[in-house]
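The sequence and the model are shown first.

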Amino acid sequence: MLKKITSYTFLLVGLILLNSCKKEYESIQSIDDTKIKDYISSNNITDAIEDPDKTGFYYQIKTQGTGELFKTTDSVLYSVSVKSLLNGTNYHTTPAIANLGTYVGYASSFSYSGGTSVGSVGIQLPSLRKVLQTLKPGGVARILLPSYLAFGKNGTTVLNIPSNENIEFTVTTYPEKSQRLLDDRRIREFIQSKGLTATKDPSTGVYYSVIQAGTGTEVIDLNTTLKAKYTGRTFDGTSFDSNTDGTFSTTLLQVISGWEVLTKFTKGAKVRIFIPSSEAYGTAGSSTGTIPPNACLDFDIEIVDVTN
């Protein structure tokens, strides 16, 4: 009788220890799934859609957009926001003056560079590609990402995202399917908001406003040496470069291609030019991080001297 009681006792203790171990080593997938389901329930989100492939993410279509659904071969221009699902902390938002862009079929990753002093971060994000295919141009969707499909157990110091953080990843697509068209709208809206008038150069898409006509007679070409005063700004008014003492010397081959519109002017001209991203720093932005990807630029330029 004593032996039987002892055996049952050991069995009972073993079961308790086993259950304890199961709780202690519950998988991150299970933990995250519970947290996301609790979030959906507590916030009364009735339109959350589970990934059909059961990989672990959920999404909401906030705005469907117009036209036809995105196909994998379509170009898509978009912005994102990255927040904590736990407390709403905003970790990153694409600047309003910029955007991301790729083909829908290639939109399976997210990368962000904070400039050379901060570093960069990138994650694989197949959920982005899947969700984009449920939208039309101009559509908006919110993706609820478990940590193991986002920044994982390490998080990232670049965006100050802690370990095992579940993420709310919102993607907003633009109606335009080409960067050229989006840039042109941004420039026109910016000019209008400032109460300005400007002329568009049809070959480059650069807009220019003449503040003072030049008096020189020398023809300016791409190899002409110019001395200029200038200030460059992004469309949020941030000055990223300036030289106003008249000592800056260059040819138009040595600066961003948007400056080539200066061939229309002569010595003494003062102009304000609005440059689309393709004629500025393009999809990469500047190496210092001061100009984000796909940002249009605003320059005040005075042609001080011309040497042929």
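K267 and D305 are joined through their side chains by a salt bridge, with 3.5 Å from N to O. A salt bridge here is a side-chain nitrogen of Lys or Arg within 4 Å of a carboxyl oxygen of Asp or Glu. The two partners, 38 residues apart, connect distant parts of the chain: K267 lies in the loop between β13 (239-250) and β14 (270-275), and D305 in strand β15 (residues 297-307). Helices (H or I, at least four residues) and strands (E, at least two) are DSSP runs, numbered from the N terminus.

K267 is partly exposed at 32% relative accessibility, and D305 is likewise partly exposed, with a relative accessible area of 27%. In these terms, buried means under 20% relative accessible area, exposed means over 50%, and partly exposed lies in between (1.4 Å probe, protein chains only).

## Basis of the description

The model is predicted, so local features need pLDDT of at least 70 and side-chain atom pairs count only at pLDDT 80 or more, while totals for chains, interfaces and linings use all residues. Residues are numbered from 1 along each chain as its sequence is written, and side-chain values use heavy atoms, with hydrogens and water left out.

## Other salt bridges

The rule for salt bridges gives a count of 16. One of them joins E176 to R185, with the closest N and O atoms 2.5 Å apart. E176 is buried, at a relative accessible area of 14%, whereas R185 is partly exposed at 23%.

K54 and E50 also form a salt bridge, and their closest N and O atoms are 3.3 Å apart. K54 is exposed, with 59% relative accessibility, whereas E50 is partly exposed, with a relative accessible area of 32%.

## Strand β14 and its partners

Strand β14 is mostly covered, as 5 of its 6 residues are buried. Two strands pair if DSSP finds at least two bridges between them. Strand β11 (residues 207-212) runs antiparallel to β14, and 5 bridges join the two. Within this pairing, Q212 stands opposite K270 of β14.

β14 also pairs with β15, in the antiparallel sense and over 6 bridges. Here I273 stands opposite F299, a residue in β15. Strand β15 also holds D305, the partner of K267 in the loop between β13 and β14.
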